[in-house]
Amino acid sequence: MSIINNGHTIQVNLHNQDNKLTIEGKTYLLQQFHFHLPSEHEVDGKHAEMELHLVHKSEDGSLTTPPCTEGVQWTVLENPVTWSGEQIGKFAAIFPHDNRPVQPLGSREIGSDE
Ligand SMILES: [Zn+2]
């Protein structure tokens, strides 16, 4: 892996094919992960202090980030990861605000496994 400051966030690029997930029978490989402060998603109308994005790519070339060559499915985990105030403070010292604004829902659907 390599860790970079891309000017927008801290991003970790993975250089192996070892991290996969399967959704509805389709396999996606973890390409990179990065952070946002505060979160880009809201749960019950509230931002989390930070958000970790795991960016996966399917074997046929689609990405879950723009230009999004297929419908994007965001999965927001119900149980948050805990970061210390010190960790959040260190990130905020570099990127005090690096999230995109929440967009209108439009025709998108929100589901839950509850
Ligand atoms: Zn992101």
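Me: Which residues coordinate the zinc ion, and what spacing do the donors follow along the chain?

Reply: This is a predicted model, in which local features need pLDDT of at least 70 and side-chain atom pairs count only at pLDDT 80 or more, while totals for chains, interfaces and linings use all residues. Residues are numbered from 1 along each chain as its sequence is written, and side-chain values use heavy atoms, with hydrogens and water left out.

The zinc ion is coordinated at 2.0 Å by His34 through NE2, His36 through NE2 and His53 through ND1. Along the chain these donors have the spacing H-x1-H-x16-H. Donors are N, O and S atoms within 2.8 Å of the metal (3.2 Å for Na, K and Ca); water is not among the atoms, so sites may look incomplete. Histidine 34 is buried, at a relative accessible area of 8%, and histidine 36 is buried with a relative accessibility of 8%. Here buried means under 20% relative accessible area, exposed means over 50%, and partly exposed lies in between (1.4 Å probe, protein chains only).

Strand 4 spans 26-36 and strand 5 spans 42-43, and the loop between them holds glutamate 40. The side chain of glutamate 40 forms a salt bridge with that of arginine 100, at 2.9 Å from N to O. Arginine 100 lies in the segment after helix 1 (85-94), so the pair ties together parts that are 60 residues apart in sequence. A salt bridge is counted when a side-chain nitrogen of Lys or Arg is within 4 Å of a carboxyl oxygen of Asp or Glu. Glutamate 40 is buried, with a relative accessibility of 8%, whereas arginine 100 is partly exposed at 44%.

The structure holds 2 salt bridges. One of them joins lysine 90 to glutamate 86, with the closest N and O atoms 3.6 Å apart. These two residues are 4 residues apart in helix 1, about one helical turn. Lysine 90 is exposed at 55% relative accessibility, and glutamate 86 is exposed at 56%.

Another loop, between strand 2 (10-13) and strand 3 (20-23), contains asparagine 19. Asparagine 19 is partly exposed, with a relative accessible area of 36%. Leaving aside residues up to four places away in sequence, asparagine 19 touches Leu14, Tyr28, Leu29 and Leu30, where contact means heavy atoms within 4.5 Å. The C-alpha atoms of asparagine 19 and glutamine 31 are separated by 8.5 Å, and the two residues are 12 residues apart along the chain.

As for the whole protein, there are 1 helix and 7 strands, in the order β-β-β-β-β-β-β-α along the sequence. Helices (H or I, at least four residues) and strands (E, at least two) are DSSP runs, numbered from the N terminus. The C-alpha atoms fill a box of roughly 40 × 35 × 25 Å along the principal axes. Of the 114 residues, 25% are buried. Among contacts with a separation of 6 or more, 47% are between residues 24 or more positions apart.
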